[in-house]
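This report describes the arrangement of strands, helices and side-chain contacts in one protein model. Please consult the sequence and the structure shown here while reading.

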Amino acid sequence: MKRGTEMRNSENNEVKLNDSLSSLNDDTGYRTPIFGTETSGAAMPKDKINDEPVAPGVAAEMIRQYLSVEGNATQNLATFCQTYMEPEATKLMAENFEKNAIDKDEYPMTADLENRCVDIIGKLWNVDKKEEPLGTSTVGSSEACMLGGLAMLFRWKKLADAAGVDRFTKRRPNLVISSAYQVCWEKFCRYWDIEMRTVPIDLDHLSLNMDTVMDYVDEYTIGIVAILGITYTGKYDDVKALDNLVEKYNKEHADMPIRIHVDAASGGMVAPFIDSELEWDFRLKNVWSISTSGHKYGLVYPGVGWVIWRSKEALPEELIFWVSYLGGKEATMAINFSRSASQIVGQYYMLLRNGFKGYKEIHERTLEVARYMASEIEKMGIFEVLEGAEQIPIICWKLKDDVKVEWTLYDLADRLRMQGWMVPAYPMPENIKDIDVQRLVLRQDFGMNLAILCINDMKKQIEILNNSRVIVPNNENGDNNYVSKGFDHSGR
Ligand SMILES: *Cc1c(COP(=O)(O)O)cnc(C)c1O
């Protein structure tokens, strides 16, 4: 037995030796270390494809090295998107990369998992099966919002025609939304030539202003978008209050009722587990569609999203397309066609693996860490916390009005970036543009240990900023004076 193994080994060695001898100048020779190969030192193609192939190991390592300088995803506290999945999930997803999610006839089991996800998520959002809800997976919330918006537009066209509203010569249709919208809604309005009516937010109304929202509505309004987890501040729009206002409006405008789409990109997969009492979903009569990002608090790597309509009536049939060229007759209602099935499989894995309790525990823990950070930031004394992770694990703050520091939140963001932390600062939207805020978004892989580290770094960097001086020439002779001065970020 032992001899046999030795023999095989020596045979192998011979073969390999011959291999590498016959390809002495060949980078693919297994004996050449990756960083000893000629190609590993060669320039990576920029605008013209290279003539010769590169060995896979060398190519992968070159790219890995190149990407390695951009910072790590765990410290990226700017994004809602998942930066961690369990190895079992990653493996399972990798095993399904090659399956095209659109080939439902070829991959009926994958299609079945997608349908299960729609049903499970619909149930979390309290659909009523009797109303025959419909839904689909998407690449993310952007595509899901686009579809929700299109359904509103097509429903409005029908209502407008029936009510004798001139759709062609007078005015464009409009969409009502808070000014703190995510950019996908701006895209939606521009792509489909819809007037975007933004309800300004202000410091007293950091989400959709219920006192004024209905002033923006008229017979050209295709719908109102409520946001569960406003991009700028992390706040939830008060969907229940909105539903009441809309209900009152609809009583007086029975021929052109208004419906609500809830953009629940972040909150849609948090609220059902954390605030099950909160009524924001299909429990409300006028909520006709809801979208979410599976890759945010649905806990899947990008990109997967979901959109669900409460009933058949909510999704005009013009938006359902039937294709036969994949074998079998299949309905498609998404904008994208081909994409990997792995994200759908990943979403189903997360639902199965975590169950209700698992999601709840993960979100509670993340919220706990976020609330700890919010309280620490508050304690620093110079910040006003606008959102302290009350509903989703987001913290948003500004400098107190009366605080005297010679630096801005942009300077702090830069200093934190030097330590690897990505904590963006940005101006608030229209109306309160002169207010700068800074935002932290926490995810499951950002535990208490990292939170403490990050807070300590924040304190250290603030100390450095407080003591920093910038030298500026302040007279014609060019004499330098030490002048304390914040950096100019007007270009941002
Ligand atoms: C993230 C986000 C979107 C866009 O979602 P993607 O999944 O990145 O396309 C839309 N709306 C809100 C409120 C968001 O937070």
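Two aromatic rings, of Phe, Tyr or Trp, are taken as a pair if their centres lie within 6.5 Å. The model under discussion is predicted. On that criterion, Phe273, Phe356 and Tyr359 are linked by ring pairs into a cluster.

Across the whole structure, the search finds eight aromatic pairs. In one of them, the ring centres of Phe273 and Phe356 are 5.1 Å apart and the planes meet at 55°, so the pair is classed as tilted. Phe273 belongs to helix 8 (residues 271-274) and Phe356 to helix 9 (residues 342-379), so this contact ties together parts that are 83 residues apart in sequence.

Lys157 is placed over the face of Phe154, at 4.6 Å from the ring centre. The charged end of Lys296 sits over the ring of Phe80, 4.8 Å from its centre.

**The open sheet and its helices**

Seven strands make up an open sheet with mixed pairing, in the order 1-7-6-5-4-2-3. Its edges are strand 1 (134-138) and strand 3 (195-199); each has a single partner strand, so one side of each is left without a neighbour in the sheet. From one strand to the next, the twist averages 20°. The pairing of strand 1 with strand 7 (residues 305-309) is antiparallel and extends over five bridges. Within it, Leu134 has Trp309 of strand 7 as its bridge partner.

Helix 4 (residues 108-124) lies across strand 1 and strand 7, and runs at about 65° to strand 7. Helix 6 (residues 183-191) also packs on the sheet, where it touches strand 2 (174-178), strand 3, strand 4 (221-227) and strand 5 (260-263). The direction of helix 6 makes about 170° with that of strand 2.

**Salt bridges**

Side chains of opposite charge can pair when their charged atoms come close. The whole structure contains 31 salt bridges by the search applied. Three of them are listed below.

| Lys235 | Glu387 | 3.0 Å |

Where in the chain do Lys235 and Glu387 lie? Lys235 is in the loop between strand 4 and helix 7 (239-252), and Glu387 is in strand 10 (residues 383-388), so that the pair links distant parts of the chain, 152 residues apart. Both Lys235 and Glu387 are buried.

Lys459 counts as partly exposed at 40% relative accessibility, while Glu376 is buried, with a relative accessible area of 11%.

Salt bridges also form a network: shared partners join Arg171, Glu195, Arg197 and Asp218.

Conventions
Residues numbered from 1 in each chain as written. Predicted model: local features only at pLDDT ≥ 70, side-chain atom pairs only at ≥ 80, totals over all residues. Heavy atoms only, no water. Phe/Tyr/Trp six-rings, centres within 6.5 Å; stacked < 30°, edge-to-face > 60°. Helix = DSSP H or I, 4+ residues; strand = E, 2+ residues; numbered from the N terminus. Lys NZ or Arg CZ within 6 Å of the ring centre and 35° of its normal. Pairing = 2+ DSSP bridges. Axes fitted to C-alpha atoms, helices over the stretch in contact; angles between N-to-C directions. Contact = heavy atoms within 4.5 Å. Salt bridge = Lys/Arg side-chain N within 4 Å of Asp/Glu carboxyl O. Buried < 20%, exposed > 50% of the residue type's maximum accessible area, 1.4 Å probe, protein only.
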